Amino acid sequence: MNVTILPDAAAIGRAAGDLICAAAQQNPAIVLGLATGASPLPCYARIIQRHQAGEVSFAGARSFNLDEYCGLPESDPNSYRSFMRKELFSQIDILPENTHFLDGNAPDEAAECARFTAAMQAAGGIDLQLLGIGRNGHIGFNEPGDAFTGEAYKTRLSESTIAANSVYFSQDDMPRYAMTMGVGSILRAREILLIATGEAKAEAVRSMIEGELSPACPATALQQHEHVTIFLDEAAASLLKKD
Ligand code: F6R
């Protein structure tokens, strides 16, 4: 794992956005794996800025999002499809038909997960996967458990994730289930970029980098991948051993 500590979320956003733009410049047909949540927002802002400055195009790119809530209409502002449209896709030139999501409302969940997995494979696999990390060490919505997961599946969200994400929802209407790429799907990406900021992520970051490989912290699975870049701010890195 290649770990870089940067001063703040803005610096991480610039570095992460620049890394993704450089990859897209080098490979205009890049297949991106994308994340939602607070962590990627400065990165998406940087990509938009560089696209609008005429420096990078995503016209030939394809994307696959990590996860989607179950039971939210697609048009709900909290659906990850809405999030991506608002925060990135509507402001760059990626073609809507080249952006792929799990359909959290599909009646046959297993068939939907199989469809999504097959679509990723048909696209040639993910070249560059962007990840955040949950306070409990989740990646995508792969929650702590007894075994690492494989391909996309439907999962019950943990209490930690519900507490962290319910701030985006009114009353108590946060979905309890989601569909997510599995850890196996994530590890097949050729390159992985994980970003984490803030003290609330420090323990998960410590486990991911220095802890024992264990499904109790799903992000430890990244220790097995050969090409992982991690951008942290000082707070997220605060529990790492100093050398
Ligand atoms: C989002 C996702 C999650 C988030 C994680 C961190 O698509 O898969 O794993 O990356 O929950 O969320 P934030 O960035 O909001 O702290």
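These questions and answers walk through a predicted model. Local features need pLDDT of at least 70, side-chain atom pairs count only at pLDDT 80 or more, and totals for chains, interfaces and linings use all residues. Residues are numbered from 1 along each chain as its sequence is written, and side-chain values use heavy atoms, with hydrogens and water left out.

Reader: Is L6 buried or exposed?
Author: L6 lies in strand β1, residues 2–6. (Strands are DSSP runs of E, at least two residues, and helices are runs of H or I, at least four; both are numbered from the N terminus.) Buried means under 20% relative accessible area, exposed over 50%, partly exposed in between, with a 1.4 Å probe and protein chains only. L6 has 18% relative accessibility, so L6 counts as buried.

Reader: How far apart in space are L6 and E234?
Author: In sequence, they are 228 residues apart. Yet L6 touches E234 (contact means heavy atoms within 4.5 Å), along with residues including F231 and L232. C-alpha to C-alpha, the distance is 6.9 Å.

Reader: Which residues have the most contacts inside the largest nonpolar core?
Author: A nonpolar core is a set of buried Ala, Val, Leu, Ile, Met, Phe, Trp, Tyr and Cys residues joined through side-chain atoms within 4.5 Å. The largest has 36 residues. Helix α4 (109–122) and strand β9 (191–196) are among the elements that each supply at least two. The residues with the most contacts are L194 and L222.

Reader: What percentage of the ligand's accessible area does the protein cover?
Author: An oxygen atom of the ligand is 2.5 Å from an N or O atom in the side chain of D67. On its own, the ligand has 410 Å² of accessible area (Shrake-Rupley method, 1.4 Å probe; for residues, only the protein chains shown count as cover). The protein covers 91%.

Methods
A polar contact is a pair of N or O atoms within 3.5 Å; within protein, one must be able to donate a hydrogen and the other to accept it, and residues adjacent in sequence count only if both atoms are side-chain atoms. Lists of a residue's contacts leave out its neighbours within four places in sequence.
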